[in-house]
Amino acid sequence: VIYARRVATLGVSHEETVRNGCNLAGCLVNVRRWDDAKALMRDQLLPAARRSLGADHYLTLGIGRNLAAALQSDPEHSRADLLESENILQDEVQRRRRVLGPAHPETLHAERG
């Protein structure tokens, strides 16, 4: 309800809407609604965050990391899901190295996976 209200009032690309969408995606993961969580992150949140915040924004990178985790955690994951997850995580590491530097704690955390 909160996410839908934010979309209606602020638009899908507003930072608060994206944050509320992240909370909804986290709830969907917690109740193991993998397909709904992955679709929300892949089809709505990630494109909106890239468009409004930029690909290097910490929230955009976090959505990618959460999508990668959901792809891996889904008990019915496919080989394609695992490859998508790996690509997302590799992109995150490269972006963090470039933006934050190789010694930054967030970069080191991303490298450890």
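Leaving aside its neighbours within four places in sequence, which residues is Thr17 in contact with? Taking contact to mean heavy atoms within 4.5 Å, Thr17 touches Tyr3, Arg6, Val7, Leu10, Gly11 and Val12 once neighbours within four places in sequence are left aside. The model is predicted, so local features need pLDDT of at least 70 and side-chain atom pairs count only at pLDDT 80 or more, whereas totals for chains, interfaces and linings use all residues. Residues are numbered from 1 along each chain as its sequence is written, and side-chain values use heavy atoms, with hydrogens and water left out.

Thr17 has its place in helix 2, where helices (H or I, at least four residues) and strands (E, at least two) are DSSP runs numbered from the N terminus. Thr17 is buried, its relative accessible area being 0%. Ser13, which lies in the loop between helix 1 (2–10) and helix 2 (15–30), is partly exposed at a relative accessible area of 22%. Apart from neighbours within four places in sequence, Ser13 is in contact with Val18, Ala48, Arg51 and Ser52. With Arg51 there is also a polar contact, side chain to side chain, at 3.1 Å; a polar contact is a pair of N or O atoms within 3.5 Å, where within protein one must be able to donate a hydrogen and the other to accept it, and residues adjacent in sequence count only if both atoms are side-chain atoms.

**Helix 5**

The 22 residues of helix 5 (residues 79–100) should span 32 Å at 1.5 Å a residue, and the end C-alpha atoms are 31 Å apart, which agrees; the expected span is 1.5 Å times one less than the number of residues. Within helix 5, the buried residues are Asp81, Ser85, Ile88, Glu92, Val93 and Arg96. They cover an arc of only 135 degrees around the axis, which puts them on the same side of helix 5, the arc being that of the directions from the helix axis to the C-beta atoms. These buried residues pack against helix 3 (34–52), helix 4 (58–73) and helix 6 (105–112), while the face turned away from the buried side carries the exposed residues Arg79, Ala80, Asn87, Gln94 and Arg98. At the N-terminal end, Ser78 caps helix 5 through a side-chain oxygen that lies 3.3 Å from the backbone nitrogen of Ala80. Just after helix 5, Gly101 adopts a positive phi of about 100 degrees.

**Salt bridges**

Side chains of opposite charge can pair when their charged atoms come close. With a salt bridge defined as a side-chain nitrogen of Lys or Arg within 4 Å of a carboxyl oxygen of Asp or Glu, the count comes to 13. The table gives some of the pairs.

| Pair | N to O distance | Separation in sequence |
|---|---|---|
| Arg98 and Asp56 | 3.0 Å | 42 residues |

Arg98 lies in helix 5 and Asp56 in the loop between helix 3 and helix 4, so the pair ties together parts that are 42 residues apart in sequence. Arg98 is exposed, at a relative accessible area of 55%, whereas Asp56 is partly exposed at 29%. Both also belong to a network of salt bridges that links Asp56, Asp91, Arg95 and Arg98.

**Cysteines**

A disulfide is a pair of cysteine sulfur atoms within 2.5 Å, and a search of the whole structure finds zero. For Cys22, which is in no disulfide, the nearest cysteine sulfur is that of Cys27, 11 Å away. Cys22 is buried, with a relative accessible area of 19%, whereas Cys27 counts as partly exposed at 48%.

Methods
Buried means under 20% relative accessible area, exposed over 50%, partly exposed in between (1.4 Å probe, protein chains only).
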